[in-house]
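Student: I have a structure to go through with you. Could we take the terms one by one and check each against its definition?

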Amino acid sequence: MRGWVRGCVSVFCLSATCAIAQEVPSGQPVSLSEVLLDAVGTESWVRFRFIAPEIAKGAGTISYAEAEGDFQALCDGFALTYIIDFELAVDVVVISLMDRPVPFGTSDPEATQFFEAFRPETNGCVWEAF
C-alpha cells in the first residue's frame, strides 16, 4: 500500500523555511512540484519531485552530467530540512528532476526525467546505488 502526500508545496510554505524555487550548482531554474511519501517494502521513502525545464530533450541546455551536483545540493539543502521540519522518519530520499510535470507512476516518452536516491544521515545525504 502506498501512502502519498500530494500538493505539499502549500503545506511546505506554512513551515519556517518556505521556498519554492531552489538554487542549484548547475544554475538552472528548479522548483518543487510535489513531495510523495511511499512505503517500498519495509522502507519509508520520500520523493521530492522538482521541475527543471532546462533538462528537456532537444531544447534543453542542461545534461545529466551538468545536473549531477544538483541532486546532492537539493538533498542536503532542501530535503533534509523538510524532513526535520515535518518530523518525517524516512529511510530513502529520492530527488527527481523533470522537464515538465509528469504524474507519478506514469510514462511520458516526451518528458525528460532524472532520478537519484540517498540515505538521509545526520551529516548530509549519502548517495545510494539501487
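Predicted model: local features only at pLDDT ≥ 70, side-chain atom pairs only at ≥ 80, totals over all residues.

Student: Why is the pair of phenylalanine 50 and phenylalanine 78 called edge-to-face?

Tutor: The ring centres of phenylalanine 50 and phenylalanine 78 are 5.6 Å apart and the planes stand at 75°, so the pair is edge-to-face. Phenylalanine 50 lies in strand 3 and phenylalanine 78 in helix 2, so the pair ties together parts 28 residues apart in sequence. Helices (H or I, at least four residues) and strands (E, at least two) are DSSP runs, numbered from the N terminus.

Student: What makes tyrosine 82 and phenylalanine 86 a tilted pair?

Tutor: The rings of tyrosine 82 and phenylalanine 86 are 4.6 Å apart centre to centre, with 35° between the planes, and the pair is tilted. Phe48, Phe50, Phe78, Tyr82 and Phe86 form one aromatic cluster.

Student: How do you know whether tyrosine 82 and phenylalanine 86 are buried or partly exposed?

Tutor: Buried means under 20% relative accessible area, exposed over 50%, and partly exposed in between (1.4 Å probe, protein chains only). Tyrosine 82, at 2%, is therefore buried, and phenylalanine 86, at 27%, is partly exposed. Phenylalanine 50 has 0% and is buried; phenylalanine 78, with 3%, is buried too.

Student: What makes a set of residues a nonpolar core, and which residues have the most contacts inside the largest one?

Tutor: A nonpolar core is a set of buried Ala, Val, Leu, Ile, Met, Phe, Trp, Tyr and Cys residues joined through side-chain atoms within 4.5 Å. The largest has 26 residues, and those with the most contacts inside it are Phe48, Phe50, Val93, Ile95 and Leu97. Helix 2 gives the largest share, nine residues.

Student: How do you know that cysteine 75 and cysteine 125 form a disulfide?

Tutor: A disulfide is a pair of cysteine sulfur atoms within 2.5 Å. In the pair of cysteine 75 and cysteine 125 the S to S distance is 2.0 Å. Cysteine 75 is in helix 2 and cysteine 125 in strand 6, 50 residues apart. The structure holds one disulfide.

Student: Why is the disulfide of cysteine 75 and cysteine 125 called left-handed?

Tutor: The torsion about its S-S bond is about -80°, so the disulfide is left-handed. Cysteine 75 has 0% relative accessibility and is buried; cysteine 125, at 8%, is buried as well.

Student: Why do strand 1 and strand 6 count as edges of the sheet?

Tutor: The open sheet has six strands in the order 1-2-3-4-5-6, with mixed pairing. Strand 1 (21-22) and strand 6 (124-128) each have a single partner strand, so one side of each is left without a neighbour in the sheet. Two strands pair if DSSP finds at least two bridges between them. Two bridges join strand 1 to strand 2 (residues 30-40), and these strands run antiparallel.

How values were computed
Residues numbered from 1 in each chain as written. Heavy atoms only, no water. Phe/Tyr/Trp six-rings, centres within 6.5 Å; stacked < 30°, edge-to-face > 60°.
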